[in-house]
Amino acid sequence: MATDLTQVAQDKGIAYFLISFVDLFGVLRAKLVPASAIGEMQQNGAGFAGFAAWLDMTPADPDMFAIPDPESLMQLPWQPEIAWLAADLWMNGKEVEASPRVALKRQIAKAEQAGYTMMTGVECEYFLITPDGSAISDPDDTQSKPCYDQTALMRRFPVIREICDAMLTLGWGPYQNDHEDANGQFEMNWTYADCLRTADRHAFFKYMTKTIAEKHDLRATFMPKPFIHLTGNGCHAHVSLWDKAGRQNLFLDPQNELGLSQTAYQFLGGIMHHAESLCAIFNPTVNSYKRINAPVTRSGATWSPNAVTYSGNNRTHMIRVPEQGRFELRL
């Protein structure tokens, strides 16, 4: 039986819902819906003009409807009277081809038919910058090699803590927060999950980080290369295939040199074969290519790939195998 969002609102004290979707440039779009209307929205969806977002549509297209997924619900830890919902897009009674979430769910369905569940984890990097976007927010963050700088990390403790506390409240299992390789840059990690859950959390994490940064009179940006002389923002994905029940890691082979199974190598080979085409998804903006094969940065390395290669635990390659049973896609 489907979750009744009207009942959820009553049980959890939710007054408003954000019915949200991600467009082709990763921008979150939403409508704010009072709890009194969420029942109708759950059944029929919230209406949008698709052309008004970055989707493959024209002004002549009819209304697009965002049907919220109750399983994606996240109650805002910093504003619990509001809950966020990821939505699937529909138009003329059909799923919208340009919806990233719809595209992902179709691949998940194909994988399930083949007996697979895909698990992913992401490493989200971002800069904390001045409100006008002209510079990093901490003028004292000046080390030439600032990665893991404890002092610079702790100067931003109030922001980092509030974001991490929110993830703890949401049950994501966050486990590491660090200052990254660029001045003013940070990374936060949480536990891997099935790929749809991780994708929803990733979209929400970007919104949450930007919102909490604004509360502290700062600005957060996930832009790939906001500063030409500093290391850019990557979002590395850790990937593994499991059985349909999610109990057995099908990428794991302890007898192999890198700890990968034949299935894992075939999956990895497919990514390498299609790497140039995948750039259209993983590097969707002009700014993305200022990060790929960029000139040497202040720290001495860009940490971004410049060739279609894989290796063991070597961060100069497009695909790294950090440990048995998974690989890291650094594209």
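**Note on side-chain contacts**

1. Arg 330 touches His 236, Arg 291, Trp 303, Pro 305, Arg 315, His 317, Met 318 and Arg 320, leaving aside residues up to four places away in sequence. This is a predicted model. Arg 330 sits in the segment after strand 16 (327-329).

2. Is Arg 330 buried or exposed? Arg 330 has 3% relative accessibility, so Arg 330 counts as buried. The side chain of Arg 330 also has backbone oxygens around it. One belongs to Trp 303, 3.1 Å from a polar atom of that side chain. Another belongs to Arg 315, with a distance of 3.3 Å to a polar atom of the Arg 330 side chain. Trp 303 and Arg 315 are both among the residues that Arg 330 touches.

3. Now the salt bridges. The structure has 14 of them. One joins the side chains of Arg 29 and Asp 23, at 3.0 Å from N to O. Asp 23 is buried, at 2%.

4. Arg 101 and Asp 88 form another salt bridge, with 2.9 Å between the closest N and O atoms. This pair links distant parts of the chain: Arg 101 belongs to helix 3 (residues 100-113) and Asp 88 to strand 6 (residues 82-91), 13 residues apart. Arg 101 and Asp 88 are both buried.

5. Glu 323 is partly exposed, with 45% relative accessibility. Arg 326 is partly exposed too, with a relative accessible area of 23%.

6. Next, the rings. A pair of aromatic rings is described by the distance of the centres and the angle of the planes. The count comes to 19 aromatic pairs. In one of them, Tyr 126 and Phe 222, the ring centres are 5.5 Å apart and the planes stand at 45°, so the pair is tilted. The pair links distant parts of the chain, 96 residues apart. Tyr 126 is in strand 8 (residues 116-129), while Phe 222 is in the loop between strand 12 (219-221) and strand 13 (235-243). Tyr 126 is buried, with a relative accessible area of 0%. Phe 222 is buried, at 15%.

7. Phe 251 and Phe 327 have ring centres 5.8 Å apart and planes at 20°, so this pair is stacked. Phe 251 lies in the loop between strand 13 and helix 7 (262-273), and Phe 327 lies in strand 16, so the pair ties together parts 76 residues apart in sequence. Both Phe 251 and Phe 327 are buried.

8. Which aromatic residues cluster with Tyr 126 and Phe 222? The cluster also holds Trp 78, Trp 84, Trp 172, Phe 186, Trp 190, Phe 204, Phe 205 and Tyr 207.

9. Finally, charges over rings. Lys 206 lies over the face of Phe 222, at 5.8 Å from the ring centre. Lys 31 lies over the face of Phe 48, at 5.3 Å from the ring centre.

Technical notes: Residues are numbered from 1 along each chain as its sequence is written. This is a predicted model: local features need pLDDT of at least 70, side-chain atom pairs count only at pLDDT 80 or more; totals for chains, interfaces and linings use all residues. Side-chain values use heavy atoms; hydrogens and water are left out. A salt bridge is a side-chain nitrogen of Lys or Arg within 4 Å of a carboxyl oxygen of Asp or Glu. Buried means under 20% relative accessible area, exposed over 50%, partly exposed in between (1.4 Å probe, protein chains only). Helices (H or I, at least four residues) and strands (E, at least two) are DSSP runs, numbered from the N terminus. A polar contact is a pair of N or O atoms within 3.5 Å; within protein, one must be able to donate a hydrogen and the other to accept it, and residues adjacent in sequence count only if both atoms are side-chain atoms. Contact means heavy atoms within 4.5 Å. Rings of Phe, Tyr and Trp (its six-membered ring) pair if their centres lie within 6.5 Å; planes under 30 degrees apart count as stacked, over 60 as edge-to-face and the rest as tilted. A charge sits over a ring if NZ of Lys or CZ of Arg is within 6 Å of the ring centre and within 35 degrees of the ring normal.
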